[in-house]
Amino acid sequence: MVPELFIIYLFLFLFGASFGSFFNVCISRIPRGISLVTRASHCPVCGTNIKPWHNIPIISYLALRGKCHSCHTRINPHYFWVETVTAFLFMLLFWRFGETFNWLFFKYLIFFSALLIVFVIDLQHGIIPDVISLPLILLGIGSTFVPGNDVTFLSALTSGATGFGLFLLVGYAFEKLTGKEGMGGGDIKLIAAVGTFMGFAGLLFTVLFSSFSAVILMMLIRHQREKIFPYGPFIVVAAFVYEVFGNIIIARYLGLFGL
Ligand SMILES: [Zn+2]
């Protein structure tokens with residue numbers, strides 16, 4: 001690797017870890033309706049403000065062995081792995097979009113950062129906050145006006161509406177058949193955002209891949225059938241797989257047919 005590129009990746013890692021630190025604040029405060037800016041980072045148990053040297057992304061969690069410095073309460077592990085995942089996300093997207101800082105790099109940086117926050121919040125609370133999903137839908141449509149965008153205005157609108165309608169229908173049918181709520185309103189708005197950001201092919205892949213992997217996981221943990229698990233994380237992973245590895249998957253698949 002050329003030295004310049006190494007330095008760029010190093011900075012992306014550090015930037016990613018720092019942004020991940022902010023995403024952690026979003027993850028712990030948005031579901032509780034707490035403002036993101038009102039007060040400094042503090043331990044939710046003993047209330048002690050976290051000192052700057054105990055707030056270094058990734059490193060501090062390891063140095064403190066995952067415990068609050070004053071009251072020794074266990075710190076939620078998402079503080080560690082969200083920072084780590086964000087660091088790798090920034091590098092992966094830079095790699096995916098041709099190692100240039102083009103529009104698509106920034107577009108998907110915003111998109112997948114928001115989806116990472118959604119992933120953890122849905123996993124922990126079983127909700128997808130409207131304050132994230134609704135602006136995403138609009139941002140996906142708005143992004144079509146930027147030169148070099150990968151989705152047209154018309155495609156963003158129709159794909160967003162298709163995702164919304166499809167999940168609304170599936171959710172309705174599931175509820176009629178089983179009497180249980182299958183598809184939450186949050187999932188419906190999230191898949192609409194996937195449509196406006198990624199267009200029709202991305203939407204289709206995300207719908208198929210997320211439902212397929214959810215069914216597989218459901219079969220694997222069948223003994224806990226009564227336990228409902230959130231669908232949002234499946235959407236997030238499927239969208240990420242398509243956008244970052246989709247071109248490779250499609251090339252391999254076509255290669256099978258000698259195309
Ligand atoms: Zn504490």
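In the predicted model, the domain assignment divides the protein into domain 1, residues 1-99, and domain 2, residues 102-259. The centres of domain 1 and domain 2, taken over C-alpha atoms, are separated by 25 Å. Domain 1 contributes 17 residues to the contact between them, and domain 2 contributes 16 residues. On the side of domain 1 that touches domain 2, two or more residues are given by helix 1 (3-29) and by helix 3 (78-96). Helix 3 supplies the largest share of this side, amounting to ten residues. By class, the side of domain 1 that touches domain 2 comprises 14 nonpolar residues, two polar residues and one charged residue.

The packing of helix 1 against helix 4 was examined next. Their axes lie 10 Å apart and form an angle of about 45 degrees, which makes helix 1 oblique to helix 4. The crossing of helix 1 past helix 4 is right-handed. In helix 1, the residues that take part are F19, F23, C26 and I27, and these meet S113, L116, I117, V120 and I121 of helix 4. Eight residues of this contact of helix 1 with helix 4 are nonpolar and one is polar, while none is charged. The spacing of such positions can be read against helix geometry: an α-helix has 3.6 residues a turn, so residues three or four places apart point the same way.

Helix 4 itself covers residues 103-125, and its length was compared with expectation. Its 23 residues, at 1.5 Å a residue, should span 33 Å, and the C-alpha atoms at its ends are 33 Å apart, so the two values agree. The residue that follows helix 4 is G126, which has a positive phi, near 70 degrees.

Helix 7 (residues 185-220) packs with helix 5 (residues 130-142), with 8 Å between the axes and an angle of about 25 degrees. Helix 5 is therefore roughly parallel to helix 7, as angles under 35 degrees are counted in this way. The crossing of helix 5 past helix 7 is left-handed. From helix 5, the contact draws on D130, S133, L134, L136, I137, G140 and I141, and from helix 7 on G186, K189, L190, A192, A193, T196 and F197. The contact of helix 5 with helix 7 is made up of eight nonpolar, four polar and two charged residues.

Helix 7 also packs with helix 6 (residues 153-178); here the axes come within 7 Å and cross at roughly 115 degrees. The crossing of helix 6 and helix 7 is right-handed. On the helix 6 side, the contact involves S155, A156, S159, G160, T162, G163, F164, L166, F167, L168 and G171, which meet D187, I188, I191, A192, V194, G195, T196, G199, F200, L203 and V207 of helix 7. Twelve nonpolar residues, nine polar residues and one charged residue make up the contact of helix 6 with helix 7. A192 and T196 of helix 7 are listed in the contact with helix 5 and also in that with helix 6.

Note on methods: Residues numbered from 1 in each chain as written. Predicted model: local features only at pLDDT ≥ 70, side-chain atom pairs only at ≥ 80, totals over all residues. Helix = DSSP H or I, 4+ residues; strand = E, 2+ residues; numbered from the N terminus. Expected span 1.5 Å × (residues − 1). Axes fitted to C-alpha atoms, helices over the stretch in contact; angles between N-to-C directions. Parallel < 35°, antiparallel > 145°, perpendicular 65-115°, else oblique. Left-handed = near helix turned anticlockwise from the far one by under 90°. Contact = placed C-beta atoms within 7 Å. Nonpolar A, V, L, I, M, F, W, Y, C, P; charged D, E, K, R; others polar. Domains from an automatic or database assignment.
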